[in-house]
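Thank you for coming, everyone.

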Amino acid sequence: MTSTHDSLQEEIRKGGQVQAAEDALAGAAGALGYAVFPVDCARAKSKSAVLRAIATAVDFPEFFGGNLDALLDCLTATVLDQPGPGALLLLKDINGGEPALAEHLEDIMTTFADAAEYVRDNGKVLAYARL
């Protein structure tokens, strides 16, 4: 293993938002035993579309409410239910330039940060990257 790989694994173990190339993140997280969820947001032009993309990628229950409170609940439940130490979500191609999405993007990312803190307090890790 390289020191870059080791330092990336350490960043993932801390949880929260991480930055690196998709392949490097997925490889490092997989080596740690984390569940890796790629989320394709390329077609999402609104908050609800991003939430649907996340719900589909992570296989949230059918009753997922489609709002930020439901996102927080489902993210934390999903990570806490993982058999391994945690999960990495790769939020791919979120277009912050879309007017219907731009005003909600900070709230979505804050929800991820809140979920990461909650699962950390409960012995697991949620790492996420906006690619």
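Predicted model: local features only at pLDDT ≥ 70, side-chain atom pairs only at ≥ 80, totals over all residues.

**The sheet and what packs around it**

Let me start with the sheet, which is open and is formed by four strands in the order β1-β4-β3-β2, with parallel pairing. Because β1 (16-17) and β2 (35-40) stand at the edges and have a single partner strand each, one side of each is left without a neighbour in the sheet. Residues are numbered from 1 along each chain as its sequence is written, and side-chain values use heavy atoms, with hydrogens and water left out.

As for terms, helices (H or I, at least four residues) and strands (E, at least two) are DSSP runs numbered from the N terminus, and two strands pair if DSSP finds at least two bridges between them. Here β2 and β3 (residues 86-92) run parallel and are joined by six bridges, with Val36 standing opposite Leu88 in β3.

Across β2 and β3 lies helix α3 (residues 47-58), running at about 145 degrees to β2, where axes are lines fitted to C-alpha atoms, for helices over the stretch in contact, and angles run from 0 to 180 degrees between N-to-C directions. Helix α5 (residues 99-121) lies across β1, β3 and β4 (125-130), at about 155 degrees to β4.

How do α3 and α4 cross, and within what distance do their axes come? The axes of α3 and helix α4 (residues 68-81) come within 11 Å and cross at roughly 20 degrees. That makes α3 roughly parallel to α4, since angles under 35 degrees count as roughly parallel, over 145 as roughly antiparallel, 65 to 115 as roughly perpendicular and the rest as oblique. In this contact (heavy atoms within 4.5 Å), Lys47, Leu51, Ile54 and Val58 of α3 meet Leu68, Leu71 and Thr78 of α4.

The axes of α3 and α5 are 9 Å apart, and these helices pack at an angle of about 40 degrees, so α3 is oblique to α5. Lys47, Val50 and Ile54 of α3 make this contact with Ala100, Leu101, His104, Ile108 and Phe112 of α5.

Finally, the whole structure holds four salt bridges, each a side-chain nitrogen of Lys or Arg within 4 Å of a carboxyl oxygen of Asp or Glu. One of them joins Glu11 and Lys14 (3.3 Å, N to O), which both lie in helix α1 (residues 3-14), three residues apart, or about one turn of the helix.
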